[in-house]
Amino acid sequence: MAAESLEARLAAFVGIEAEPPRTARYAVNEAMIRNWVEAHDDANPVYVDRAAAEETGRPGIVCPPAMISTWVMAGYRRHREIHRMRAEGVVEDFAYSRLSRLLDEAGYTSVVATNVDQTYPRDVRPGDRVTAHITIEAISGVKNTALGQGRFLTLRKRYHDADGELLADERFRLLRFKPGGGAEDDEEREGRA
């Protein structure tokens, strides 16, 4: 029986949940909002001044919309754990981990974020507990880029509050590429397997 092609194996990931839902470790809070706006030198008063926020018709301060993903970040300890497991060849029991392993094996070992598109149905407010539901939306064919041959991945991230209300809808794209130009194409690699 012929081995399944890389294209077919990648296509099987499209449309499925990337990983279990990610719930924020902490509720949205004023301290983290203030740290964010100071780091970004964002002077919009609706993020830090209750009276200014109320003048706009809001019930109080709100979170900068672009901050949405920070609430569900797992932290640096988890980041190091993921890289350690990847180096050891450990695959976690969810689709994105299996996809990453498959791409590593095909030579697409490097990654760079390319762009993010977001929409915000409502303001995120202190006290909200954010959960992200992440789906693998698309995987491109091989593209020749300035970094080398690569494939673009689109992850759809839908952020909800504790009641399930949609807070933000995001498409996050990244490029997995073969470092050093990656001249060998996937058919050549599969032919050696």
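# A tour of the predicted model

Residues 24 or more positions apart account for 70% of the contacts in the protein with a separation of 6 or more; contact means heavy atoms within 4.5 Å. This is a predicted model, in which local features need pLDDT of at least 70, side-chain atom pairs count only at pLDDT 80 or more, and totals for chains, interfaces and linings use all residues. Residues are numbered from 1 along each chain as its sequence is written, and side-chain values use heavy atoms, with hydrogens and water left out.

**Whole chain.** Show the C-alpha trace. Along its principal axes it spans about 65 × 35 × 30 Å. Colour by secondary structure and find six helices and six strands. These are DSSP runs, numbered from the N terminus: helices are H or I, at least four residues, and strands are E, at least two. Read along the sequence, the pattern is α-β-α-α-α-α-β-β-β-β-β-α. Of the 193 residues, 37% are buried. Buried means under 20% relative accessible area, exposed over 50%, and partly exposed in between, with a 1.4 Å probe and protein chains only.

**Helix α5 (95–105).** Is this helix enclosed or open? Eight of its eleven residues are buried, so α5 is largely enclosed by the rest of the structure. Select Ala95, Tyr96, Ser97, Leu99, Ser100, Leu102, Leu103 and Asp104 to see the buried ones. They pack against α1, α4, β3, β5 and β6. Just after α5, stop at Gly107, which takes a positive phi of about 100 degrees.

**The largest nonpolar core.** A nonpolar core is a set of buried Ala, Val, Leu, Ile, Met, Phe, Trp, Tyr and Cys residues joined through side-chain atoms within 4.5 Å. Of the 40 residues in the largest one, Ile33, Trp71, Tyr96, Leu99, Val130, Ile136 and Tyr159 touch the most other members. Two or more residues each come from α1 (6–11), α2, α5, β3, β5 and β6. The largest share, five residues, comes from α5. Now centre on Ile33. Leaving out residues up to four places away in sequence, Ile33 touches Val28, Tyr47, Ile61, Val62, Cys63, Pro64, Met67, Trp71 and Pro126.

**The largest pocket.** About 1500 Å³ of space lies here. Of the 48 lining residues, select the closest to its centre: Glu19, Arg22, His79, Ile82 and Tyr96. Which element gives the most to the lining? Helix α4 does, with seven residues. The lining divides into 27 nonpolar, ten polar and eleven charged residues.

**Asp41.** Go to the loop between α2 and α3 (50–55), where Asp41 lies. Asp41 has a positive phi of about 50 degrees although it is not a glycine. Most residues other than glycine have a negative phi. At 69% relative accessibility, Asp41 counts as exposed.

**Phe172.** Finish in strand β6, where Phe172 lies. Not counting residues up to four places away in sequence, Phe172 touches Ala113, Asn115, Val116, Leu153, Thr154, Leu155 and Lys157. Then pick Arg58, 114 residues away along the chain from Phe172. The two C-alpha atoms are separated by 29 Å.

Notes:
1 Å grid on protein atoms, 1.4 Å probe; cavity = no way out; pocket = protein on both sides within 12 Å on 5 of 7 lines; lining within 4 Å. Points joined across faces, edges and corners; volume = space filled by probe spheres on them. Nonpolar A, V, L, I, M, F, W, Y, C, P; charged D, E, K, R; others polar.
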